[in-house]
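Okay, thanks for coming, everyone. Let me put the structure up, and then we'll walk through it together.

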Amino acid sequence: MQLTPLPAFADNYIWLLHSQQQVLAVDPGDGQAVLDWLQQHPGLRLETILVTHHHPDHTGGLALLVQATGARVWGPAAEPLPVPHSPLSDGQHLQACGLDWQVMAVPGHTAGHLAYWAQVPEQAPVLLCGDTLFSGGCGRLFEGSPAQMLHSLQRLAALPADTRVCCAHEYTLANLRFARAAEPDNAAVVAHEALCLRLRAQGLPTLPARLGTELHINPFLRSHLPSVRAALHSQTGQLADSDAQVFAQLREWKNGFQ
Ligand SMILES: [Zn+2]
Ligand SMILES: [Zn+2]
């Protein structure tokens, strides 16, 4: 199975998976970019499209791709999409690209956001998590509560540590700058930032990330730890009285972070 992050717009990735001739595309915001890629890979056929949530930068290419390829679209039952789609919800499974995908509801960024996880024979598992989990960060809370997002991230964090995390945006360097502020003594953040700076300088993606690495560097997966809480306390001067409140304060801090 081959995994390709196809860059689109300023900082999106459209993840493309293929084994043999079948291609699975994830969140194709730009349909033409996918058609161009398919043209450069003769013999491959777009069979399935998976959508994590309804935002236009993830769904803008659906109509063009369905019209041009006849691909089947799967997406959240609870969100409107611009084309007819097979509705999915938490706990369901679907077969695509020769893999068995587990559907996980991860509300927070949007109310009906889904993530997809699959084991891959002889390779590490793959997580398609849209705008819920980013390397070093997480999505903004447009439709969900901090408690919902925290719970969603906790579910993703419990997946196997070797999982390859396919995020929908290249936000890693900005996230890691914030991670340094949120955990000034975390040497893993500094080391990972150095690696990602080298990758970006060569024009390479910092993704997929390893879930095990995220557990060490991502403050939004670490908001239960004293190190993160201490930095948050000195930043806000407030004491939070629940995990969800800590998470909410951390997200607020990041929203205003330059
Ligand atoms: Zn989004
Ligand atoms: Zn997005």
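Predicted model: local features only at pLDDT ≥ 70, side-chain atom pairs only at ≥ 80, totals over all residues.

Residues are numbered from 1 along each chain as its sequence is written, chains are lettered from A and ligands numbered from 1 in the order in which they are written, and side-chain values use heavy atoms, with hydrogens and water left out.

So, the metals. Which residues hold the zinc ion (ligand 1)? The protein donors are His53 through NE2, His55 through ND1, His109 through NE2 and Asp131 through OD, and they lie 2.1 to 2.3 Å from the ion. A donor here is an N, O or S atom within 2.8 Å of the metal (3.2 Å for Na, K and Ca), and since water is not among the atoms, sites may look incomplete. Along the sequence, the spacing of those donor residues reads H-x1-H-x53-H-x21-D.

The angles among the four donor atoms of ligand 1 run from 92 to 167°, and the site is irregular. To be clear about that word: four donors are tetrahedral if all angles lie between 85 and 135 degrees; four are square planar and six octahedral if opposite donors are over 155 degrees apart and all others between 65 and 115; anything else is irregular. For reference, ideal angles at a metal are 109.5 degrees for four tetrahedral donors.

Now over to the other zinc. The zinc ion (ligand 2) is coordinated by Asp57 (OD), His58 (NE2), Asp131 (OD) and His169 (NE2), at 2.0 to 2.4 Å. You'll have spotted Asp131 again: this residue bridges the zinc ion (ligand 1) and the zinc ion (ligand 2), which lie 3.5 Å apart. And why is the ligand 2 site irregular? Because its four donor atoms subtend angles of 87 to 161°. The sequence spacing for ligand 2 is D-H-x72-D-x37-H. This site links distant parts of the chain, with Asp57 in helix α2 (residues 56-59) and His169 in the loop between β13 (164-167) and α5, 112 residues apart. Helices (H or I, at least four residues) and strands (E, at least two) are DSSP runs, by the way, numbered from the N terminus. As for accessibility, Asp57 is partly exposed at 22% relative accessible area, whereas His169 is buried at 5%.

Next, aromatics. Rings of Phe, Tyr and Trp (its six-membered ring) pair if their centres lie within 6.5 Å, and planes under 30 degrees apart are stacked, over 60 edge-to-face, the rest tilted. The whole structure has six such pairs. One of them is Phe178 with Phe220, stacked at 6.0 Å centre to centre with 20° between the planes. That pair also reaches across the chain: Phe178 is in helix α5 (residues 172-182) and Phe220 in the loop between α7 (211-217) and α8 (226-236), 42 residues apart. Both Phe178 and Phe220 are buried. Ring pairs also join Phe178, Phe220, Phe247, Trp253 and Phe257 into a cluster.

The peptide bond from Leu207 to Pro208 is cis, omega near 0°, and Pro208 is in the loop between α6 (187-201) and β14 (209-210). Phe9 has a positive phi, near 50°, without being a glycine; Phe9 is in the loop between β1 (2-8) and β2 (12-19). Glu122 is not a glycine either, yet has a positive phi of about 60°. Glu122 lies in the loop between β9 (114-120) and β10 (123-130), and is exposed, with a relative accessible area of 85%.

That's the tour. Who wants to start?

Notes:
Buried < 20%, exposed > 50% of the residue type's maximum accessible area, 1.4 Å probe, protein only.
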